Amino acid sequence: MLAERLTEARRQTDSLFEVLKPEALFDRPVAERHRLIFYLGHLEAFDGNLLRGGPESEFDNLFAFGIDPVGEGLPTDLPKDWPSVEEIRSYNQQVRTAIDRLPADELLWNVAIEHRLMHAETLAYLLHQLPVEKKFFQPQVEVLSEPGEGGMVKTPAGTVTLGLSEGFGWDNEFDAHTMNVGEFEIDRYKVTNGDYLKFVREGGAPPVFWKNETTYRTMFEEIPMPLDWPVYVSHAQASAYAKWLGKSLPTEAEWQLASQSSSAGNAGFKRWDPVPVTADPGMVGNGWEWTSSLFEPFPGFKPFPFYPGYSANFFDGQHYVMKGGSARTAECLLRPSFRNWFQPNYPYAYCGFRCVTR
């Protein structure tokens, strides 16, 4: 089962590189991140270093670590500083062959699988920022708006359990604990491009997914602004919009309480782009959702001994929790306890939001 899941995860990430035209592999579509060529080797380097117990070659070290988009300055490497595509693909095949001969350690293989699937989403939003002519077009079925009345929904006061007590999860998902949450109201639907456009016209910062106020950049083409799609913005942009309305973002606990009856919608790699919010009104899928909660350890947190920096390096007061999932989030990552996080000014992730009043 684990071997089959790893094979499927590899297929998913391999297919993303097939979307790229060859000349784009050495591009850097997001200035704060590595060139795309890094990710071609990173996934195998991570798996090899994790499952074989440490680096064994120069490439194991070269491709070991990504870049968190918080820090001192931007990367300055050039395309010529990287190995060739042929060298990296040969390395990848060697690592896969070696790993496939190893016995499957359940915890470590789950880490490898989910790490790869997280990067399937990271790669998607990096590719999204490339000019459309650098990608091979992939068609998808259009989803039309459905009638729906907006407004806010009252969530009664209650208790909610955050985190896990058993089963596989990342270190920041433990330990499970219960929190009391007061009554609040939350938007019935994610904030849309149309909603946010009013804010932009009042001086708010436009999303990076917009070419201008009338044109939206999907993964493969530029289209008339889909006013009924969820808007994807940074935490700072979402917070500013909420403040503009005299509202706020939900806490992680509030979001969890409000989402308890939501099932997964537009997620699991079925589409490249969002659908109208009325066609997918749930809170899981069609775009992550920002919370006002800083990414912090739960009571009883213990870092993974084999990956101590996965979460702990980001308990720095500079990252905020995202919940839910997007169209490019793997189904196994849609569990209620899963926590995603980014720093407040990073605008490239597939992340929208809802507002609350208390």
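A disulfide is a pair of cysteine sulfur atoms within 2.5 Å. The legends below refer to a predicted model.

**View 1. Cysteines without disulfide partners.** The structure holds zero disulfides. Cys332 is in no disulfide, and its nearest cysteine sulfur, that of Cys351, lies 19 Å away. Cys355 is likewise in no disulfide, with the sulfur of Cys351 as the nearest cysteine sulfur at 13 Å. Cys332 has 27% relative accessibility and so counts as partly exposed. Cys355 counts as buried because its relative accessibility is 1%, and the cut-off for buried is under 20%.

**View 2. The largest cavity and its lining.** The count of cavities of 30 Å³ or more comes to one. The space in the largest cavity is about 40 Å³. Its lining is made up of His128, Tyr232, Trp272, Asp273, Pro274, Ser326, Ala327 and Tyr350. Sorted by class, these lining residues are five nonpolar, two polar and one charged.

**View 3. A four-stranded open sheet.** The strands follow the order β9-β8-β7-β10, and their pairing is mixed. The edges are formed by β9 (340-342) and β10 (351-352); each has a single partner strand, so one side of each is left without a neighbour in the sheet.

**View 4. The pairing of β8 with β9.** Strand β8 (residues 320-323) runs antiparallel to β9, and three bridges join the two. Across this pairing, Met322 stands opposite Asn340 in β9.

Definitions and conventions: Residues are numbered from 1 along each chain as its sequence is written. This is a predicted model: local features need pLDDT of at least 70, side-chain atom pairs count only at pLDDT 80 or more; totals for chains, interfaces and linings use all residues. Side-chain values use heavy atoms; hydrogens and water are left out. On a 1 Å grid over the protein atoms alone, a cavity is a set of points where a 1.4 Å probe fits but cannot get out, and a pocket is an open set with protein on both sides within 12 Å along at least five of seven lines; lining residues have an atom within 4 Å of a point. Grid points are joined across faces, edges and corners, and a volume is the space filled by probe spheres set on the points. Ala, Val, Leu, Ile, Met, Phe, Trp, Tyr, Cys and Pro count as nonpolar, Asp, Glu, Lys and Arg as charged, and the others, Gly among them, as polar. Buried means under 20% relative accessible area, exposed over 50%, partly exposed in between (1.4 Å probe, protein chains only). Two strands pair if DSSP finds at least two bridges between them.
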